[in-house]
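Dear colleague,

I am passing on the structure below, and after it you will find my notes on what turned up when I went through it. Please read them with the model open beside you.

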Amino acid sequence: MVFSYNWLKEYLKTLPQPEKLADLLNMHSFEVEEVKKEGKDHLIDIDVLPNRAADCFSHYGMAREISAIAKVVLKDLDVKFKADKKLKSRELVKVEVLDKSSLSRYSAKVISGVKIKPSPQWLVERLKSCGLRPINNVVDIANYVMLETGQPIHAFDLEKIHQEKGDGLRKIIVRRAKKGEKITSLDGEKYNLDQDVLVISDLKGPLAIAGIKGGKYPEIDQKTKTIVLEAANFDPQVVRKGSKKINLRTDASLRFEHGLDPNLTELAINRASSLIQEIVKGNPSSDLIDYYPKKTLPKLIKLDLSYLKSLLGMEVKSKDAAAILKRLKFQIIKSGVDYLLVKVPSFRLDINIPEDLIEEIIRIKGLENIDPVFPVSSLIPPKKNLEIFWEDMAKNIFKEAGFNEVYNYSFFGEEEASLFHYSKDELIELENPISSEQKYLRASLIPSLVRDVEKNHKNFKEIKIFELGKVFRNEKGFKEKRMLSFLITGDSFYEAKGIVDLFLNKLGISNIWYDDYKPTPENSRSIVWHSQKAAEIKADNEEIGFLGEISPSILSELKIDKVVVCDIDFEKLLNIASEEHEYRPISRFPAVVRDLAILTPQETRVVEILNIINSAGGSLVRDVDLFDIYQGEELPDGKKNLAFHIIFQAEDRTLSSNEVDRVMEKIIKILEEDPERQVRK
Amino acid sequence: MSDLKLIKNQAEIELKKASNFGELKQVFNTYLGTKGKVTQILRSLVEMDKKERIKIGQEANLVKNYIKEIFEQKSKHLKAKSAKESEKKEWIDVTAPGKKPSLGHLHPLTLTIRKVEEIFQTMGFSVVEGPEIENEWYNFDALNIPKDHPARDLWDTFWLKTKEGKMLLRTHTSPVQIRYMEKNNPPIRIIVPGRIYRHEATDASHECNFYQVEGLMVGKDISVANFKAIVLEFLKRLFGKPVKIRMRPSFFPFTEPSFEINMTCLSCQGKGCSVCSKTGWLEMMGAGMVHPNVLKNAGLNPKGLQGFAFGVGLDRLTLMKYRINDIRLLYGADLRFLNQF
């Protein structure tokens with residue numbers, strides 16, 4: 001809220017210079033957003049904390065706060081006026097509260113003999129400096145009093161309120177709006193109301209939206225002679241709900257939403273009466289219509305000073321604590337060396353428990369006075385977090401393998417959903433997305449990774465990226481799951497597969513194998529993968545992820561070249577990863593390497609040949625490396641050439657050339673049992 | 001002068017004159033090769049009488065050894081010289097750029113999170129995590145943020161479409177305070193790093209998803225003074241030097257008293273610059289002493305229990321640490337940016 005420095009000064013004997021005041025507020029009360037010189041005044045934008053709105057969304061309230069932090073004397077508000085003894089509000093107006101739970105107090109006073117004119121210059125300037133538009137003297141005074149006391153008040157033209165036939169009283173009714181009821185506001189906007197909105201109404205219809213905005217119909221105009229001022233204490237939640245419902249927030253609704261001191265209604269009406277008499281020359285009635293069925297009692301709190309010492313880690317003497325609380329207008333009912341019994345002023349809605357008082361004491365005293373002290377506690381070592389341990393390990397492996405880590409948004413849009421064939425049922429949709437591109441929670445990391453290629457391919461020929469993050473799905477309830485996905489550009493299926501092997505081995509998972517990707521018929525998402533270049537990754541018999549090239553149809557849609565993507569269920573990895581790692585003794589005897597090239601049908605799987613080599617070779621075959629796959633014109637139709645290095649080694653002796661030859665012959669013989677296969681000699 | 005002396009002098013001159021190894025070898029052969037002059041003399045010894053044989057034999061052997069010695073010396077010298085010459089042909093430009101291996105890079109947020117975890121773990125804090133999809137109870141009610149209360153407006157929330165009940169994306173890591181205290185007894189010392197969400201338009205300093213680390217220490221006699229010591233130690237270790245802070249009053253429904261921690265702006269050393277909007281201070285974290293209602297809501301008896309809680313924006317720490325001026329770079333996956341970490 002913007003405060004006028006000159007205005008604040010009116011309530012205080014002395015006031016520190018604006019910059020000094022801002023520093024004080026910053027360190028003891030609220031953050032000052034800005035101090036701006038405006039003519040002869042300074043405007044100070046103070047970020048009043050939401051729990052203090054009740055007492056500090058007003059110049060008088062802020063002055064009261066400043067009086068405590070700057071140790072200066074606060075003056076009383078002038079609420080004196082000369083009442084018209086013959087004029088009785090009760091003989092003109094009757095207030096009827098139908099919805100009793102929606103307010104705790106409703107006060108009203110009639111003022112006759114008003115002359116509607118523009119406001120004096122000083123008043124116009126005050127309102128303008130706080131961002132309000134001047135209208136006429138009565139309305140401006142009502143607004144002024146709100147900015148001064150924090151209590152919204154409203155003025156109706158008395159004669160526009162309809163009279164009851166019998167007693168001739170003008171009736172003000174506080175009730176819920178009826179469904180379909182309409183109101184035109186003071187600024188000419190039309191609102192459709194319903195039961196969620198509280199209204200101030202007369203016998204014919206709504207006069208105002210309670211706590212939010214006045215209606216056009218009973219407004220003060222040039223002909224107005226008698227007015228009725230109202231000040232109420234509406235229930236914060238009722239105003240908040242109503243304001244949300246009709247989507248209208250005003251200076252008044254803002255104050256009601258945060259709650260107000262019920263004592264303020266009377267004070268505000270008296271203050272307004274005083275100003276109206278002074279400026280508009282009206283005659284306030286001698287009585288106050290006051291619906292206030294249950295008086296709010298002041299709160300008493302006992303503060304244990306040893307608790308204060310333990311909580312702050314600093315001692316504050318009983319005398320000092322009491323002095324600070326008194327500066328804040330708290331009353332000390334009783335006190336001792338180790339306790340204070342404190343009466344909370346009614347305007348401090350935020351003070352309810354001893355901790356609240358401790359906060360008051362330390363913020364006025366200054367938090368900077370607390371010296372740092374390390375806690376004394378048992379030496380309990382922190383627990384190892386395995387999820388984070390494996391996450392760190394996984395990230396390090398990918399980094400070592402030359403990948404860049406990316407963090408993408410947790411959202412994707414309709415476009416990704418349809419491109420990657422997600423059905424609406426399995427996605428979690430946001431109720432209030434910021435944009436249509438962020439309509440859903442991401443169900444996979446892949447769409448964003450692929451999009452990252454789109455962003456980077458102008459600058460980088462080769463891209464290797466990974467992300468480890470949560471994905472979200474609607475599977476009989478909302479599910480979130482940690483996934484690890486990586487992407488390599490180009491025709492890089494085997495490179496990606498090598499990365500998967502390396503990665504899983506490093507996590508202590510060795511029994512990995514790959515199977516053709518077999519989409520279930522109902523799984524439309526199979527379209528994401530290239531039909532011939534996709535695999536399921538298995539550890540033992542569990543599927544832990546997928547690896548494959550993204551389907552050409554998606555790539556062409558996104559206008560990017562081939563990419564290979566791998567998607568691993570990190571939660572499943574967590575269950576099977578292991579830190580155990582045993583070294584394998586290095587044989588003292590030399591290894592012998594023989595090459596083997598074999599012509600096979602194109603559809604032959606490398607794994608079949610590998611299995612034959614390994615089983616035929618037996619224990620002497622230490623390792624088999626595929627170093628070339630060749631398909632070319634010079635080969636017979638439908639054939640490909642596979643070339644292997646076979647490494648032979650024994651644990652206990654140097655292998656002779658003859659011995660190795662015999663094993664090779666055996667391998668070749670078994671390989672050639674199938675006439676389609678031919679070992680090239 | 002005898003023949004041998006003459007031969008010796010001549011051989012020495014010729015050997016020393018040789019300019020390469022080929023020439024040297026040729027000269028050597030002229031004297032000590034199978035048909036060399038000295039070799040011939042040695043061979044002719046058999047035809048001489050005993051007295052002469054001894055005399056000339058001794059002399060010839062001395063000459064032979066002498067020539068051999070000269071030859072060795074000279075050949076060593078020539079080899080070294082030729083090696084130097086051939087190296088010269090392999091000159092390289094040491095100022096030409098080196099070949100860098102292509103390394104991968106961890107995201108700057110990962111680096112910050114790891115650092116934060118490491119610092120707190122050494123101070124005995126366990127690292128815990130929690131779900132990103134939350135319900136109203138854990139995200140708001142249990143944290144003493146009542147329904148239909150303007151305090152809720154402090155957290156702009158993403159709501160999820162549900163058939164029944166209300167679900168949301170957590171607006172802070174604080175729900176994990178409750179989740180953890182429900183299952184663990186005090187003393188409690190945890191930090192909770194994680195992704196959180198705010199319904200905010202994005203700009204250079206705001207994002208709709210970002211990272212926070214929550215801290216919670218609950219036990220007997222845990223005080224504001226303790227919090228101050230822990231946070232100063234944390235900042236000192238994170239930035240590698242002592243950092244000045246100030247504490248200002250603030251409001252959070254789940255702490256009482258509540259405060260905000262500012263730290264001297266690292267860009268201007270507190271003199272005031274554009275980074276700190278000329279104040280010399282940067283907002284670092286919100287903190288406070290755990291509200292008794294929060295302990296109650298987590299199923300603990302607040303009597304005799306107290307502690308502090310805090311929340312730090314990890315994105316902001318990262319931006320400060322690496323002097324990055326736009327938070328959106330963290331989520332933009334621009335490799336030109338990520339390659340630098």
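This is a predicted model: local features need pLDDT of at least 70, side-chain atom pairs count only at pLDDT 80 or more; totals for chains, interfaces and linings use all residues.

**Notes on chains A and B**

Ile397(A) counts as partly exposed because it has 19 C-beta neighbours inside 10 Å, whereas a buried residue would need 20 or more. Setting aside the neighbours within four places in sequence, Ile397(A) is in contact with Phe503(A) and Lys506(A); the C-alpha atom of Leu504(A), 107 residues away along the chain, is separated from that of Ile397(A) by 9.7 Å.

Just after α12(A) comes Gly366(A), which takes a positive phi of about 110°.

Turning to chain B, helix α1 (residues 3-17) and helix α4 (residues 50-88) pack with their axes 10 Å apart and at an angle of about 5°, which makes α1(B) roughly parallel to α4(B). Among the residues that make this contact are Leu4(B), Ile7(B), Ala11(B) and Leu15(B) of α1(B), together with Val63(B), Ile67(B), Ile70(B) and Phe71(B) of α4(B), and the residues of the contact divide into 10 nonpolar, no polar and five charged.

Helix α10 (residues 314-322) of chain B has as its buried residues Leu314(B), Asp315(B), Leu317(B), Thr318(B), Leu319(B) and Met320(B), and these pack against α5, β5 (188-197), β6, α8, β9 (281-290) and β10 (306-313) of chain B. Following α10(B) is Arg323(B), whose phi is positive, near 55°.

Finally, where the chains meet, 65 residues of chain B are in contact with 72 residues of chain A. Several elements of chain B each supply at least two residues of the side that touches chain A, including α5 (108-122), β6 (209-219) and β8 (255-264), while α8(B) gives the most, with six residues. The residues of that side of chain B divide into 36 nonpolar, 16 polar and 13 charged.

With best regards

Methods
Residues are numbered from 1 along each chain as its sequence is written. Chains are lettered from A and ligands numbered from 1 in the order in which they are written. Two residues are in contact if their C-beta atoms, placed from the backbone, lie within 7 Å. Helices (H or I, at least four residues) and strands (E, at least two) are DSSP runs, numbered from the N terminus. Ala, Val, Leu, Ile, Met, Phe, Trp, Tyr, Cys and Pro count as nonpolar, Asp, Glu, Lys and Arg as charged, and the others, Gly among them, as polar. A residue is buried if 20 or more other C-beta atoms lie within 10 Å of its own, exposed if 12 or fewer, and partly exposed in between; C-beta atoms are placed from the backbone. Axes are lines fitted to C-alpha atoms, for helices over the stretch in contact, and angles run from 0 to 180 degrees between N-to-C directions. Angles under 35 degrees count as roughly parallel, over 145 as roughly antiparallel, 65 to 115 as roughly perpendicular and the rest as oblique.
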